[in-house]
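Notebook open, structure loaded. I want to go through a few spots and jot down what turns up.

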Amino acid sequence: MNAATKVGAFGACLALTFGVAFGVGGAVGKIGSDPEPSRHGDTDGQDEPDGHDGEPGSHGAGSVDHEAAAATSAAYRGYSLDPAGGPLTPGEPTDFRFRVLGPDGAPLTGYEKAHGKDLHLIVVRRDLAGYQHLHPVLGDDGVWSVPLTLETPGEYRVFADFVPAGDPDGALTLGADVTATGAYDPAPLPGPARTATVDGYTVTLDGGLVAGGGSELTLSVSEDGRPVTDLEPYLGAYGHLVALRAGDLSYLHVHPEGEPGDGRTPAGPDVTFHAQAPGAGAYRLYLDFRHGGEVRTAEFTVEAAEATGSATGAGASHGHALPLIHI
Ligand SMILES: [Cu+2]
């Protein structure tokens with residue numbers, strides 16, 4: 001689907017951080033940016049308001065690692081990501097399959113739902129173009145599958161964000177490279193901006209990222225100049241935010257703390273997130289929001305500034321522990 005933008009907003013401070021996973025993609029290198037419209041590949045746009053079973057912050061609790069500089073690798077904590085198949089053909093729909101192997105070497109079949117899904121798969125080209133947020137289906141044999149089309153040639157990174165059942169360390173994210181054959185023509189990263197437009201929606205960003213610290217980001221959605229106050233729940237929240245750092249593809253997945261129906265979280269126009277950036281650099285933010293029955297993605301480039309003075313970020317000021325999963 002297309003990228004679009006609309007962000008819901010929670011009136012209050014939604015502090016929540018879900019599992020924040022930092023992954024450094026292996027291959028550093030080409031990072032460009034994406035002049036192309038972002039693609040949102042969610043295949044199950046319909047998600048029920050009740051699909052959220054992760055308690056904010058529950059994810060990742062216990063895996064706090066403040067030495068952020070992590071790298072998302074294909075193997076971590078004994079788990080590994082095992083994609084099947086070779087290079088894909090650009091523009092051709094593929095049944096993309098992969099497995100997560102557990103510490104015992106066998107395919108992992110037990111998952112705990114987070115945001116209504118057993119596993120979230122993020123796919124992006126290495127220049128941060130072509131973003132997709134997919135929800136694969138798990139087979140009894142531990143093989144995940146999902147329809148996937150890589151529109152243009154190039155090197156892509158896939159991130160599997162999940163919670164192994166029964167693992168006290170909580171959520172983790174594993175990354176792997178996938179290639180779409182042909183000449184890769186990386187685009188430069190779009191410059192920092194406070195506004196993004198998608199399908200008639202305008203999303204404005206307030207706040208920013210602080211290198212190595214917590215910060216608050218508020219995204220406001222309007223449509224044709226009017227604030228949107230009836231955002232629809234998507235995966236149990238009014239907005240989902242993923243951030244990827246240009247260069248090493250460090251990965252952050254952040255969610256608002258409030259939930260639709262909790263009696264205190266308005267359905268827009270503001271949606272606030274707490275994020276923790278692993279370090280300085282340029283990040284591409286992808287905000288998924290749902291309105292009018294469709295999920296859209298608004299994209300922004302944000303520079304994470306070095307923290308100055310006290311090391312207190314917005315998160316700390318709110319007294320929230322920010323789970324940080326170091327991948
Ligand atoms: Cu997801």
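Before anything else, the cut-off I need: a residue counts as buried when its relative accessible area is under 20%. I also note that this is a predicted model.

**Entry 1: the Phe pair.** I looked up Phe-98 with that cut-off in hand. Phe-98 comes out at 2% relative accessibility, so I put it down as buried. Phe-96 has 3% and is buried as well.

**Entry 2: aromatic pairs.** How many aromatic pairs does the structure hold? I find eight. One of them joins Tyr-79 and Phe-162: the ring centres are 6.4 Å apart and the planes sit at 75 degrees, so I call this pair edge-to-face, the cut-off being over 60 degrees. Tyr-79 belongs to strand β3 (residues 79-83) and Phe-162 to strand β10 (residues 154-164), so their contact ties together parts 83 residues apart in sequence. I checked burial for both: Tyr-79 is buried at 6% relative accessibility, and Phe-162 is buried at 1%.

Then I went back to Phe-96 and Phe-98 for their ring geometry. Their centres are 5.8 Å apart with the planes at 35 degrees, so this pair is tilted. Ring pairs also link these residues into a cluster, whose members are Tyr-79, Phe-96, Phe-98, Tyr-111, Trp-144 and Phe-162.

**Entry 3: the copper site.** Which protein donors does the copper ion have? I get His-120 through ND1, His-133 through NE2 and His-135 through NE2, lying 1.8 to 2.0 Å from the ion. Written as a sequence pattern, the donor residues are spaced H-x12-H-x1-H. His-120 is in strand β6 (residues 119-125), while His-135 is in the loop between β7 (132-134) and β8 (137-138), so the pair ties together parts 15 residues apart in sequence. I have both His-120 and His-135 down as buried.

**Entry 4: another histidine.** His-274 sits in strand β19 (residues 270-276). Is His-274 buried or exposed? I read a relative accessible area of 0%, so His-274 is buried. Its side chain makes a polar contact with the side chain of Glu-216, at 3.0 Å.

**Entry 5: a loop valine.** Last stop was Val-228, which I found in the loop between β16 (226-227) and β17 (240-245). With a relative accessible area of 3%, Val-228 is buried. I also checked the C-alpha separation from Val-228 to Tyr-201: it is 9.0 Å, with the two residues 27 apart along the chain.

How values were computed:
Residues are numbered from 1 along each chain as its sequence is written. This is a predicted model: local features need pLDDT of at least 70, side-chain atom pairs count only at pLDDT 80 or more; totals for chains, interfaces and linings use all residues. Side-chain values use heavy atoms; hydrogens and water are left out. Helices (H or I, at least four residues) and strands (E, at least two) are DSSP runs, numbered from the N terminus. Buried means under 20% relative accessible area, exposed over 50%, partly exposed in between (1.4 Å probe, protein chains only). Donors are N, O and S atoms within 2.8 Å of the metal (3.2 Å for Na, K and Ca); water is not among the atoms, so sites may look incomplete. A polar contact is a pair of N or O atoms within 3.5 Å; within protein, one must be able to donate a hydrogen and the other to accept it, and residues adjacent in sequence count only if both atoms are side-chain atoms. Rings of Phe, Tyr and Trp (its six-membered ring) pair if their centres lie within 6.5 Å; planes under 30 degrees apart count as stacked, over 60 as edge-to-face and the rest as tilted.
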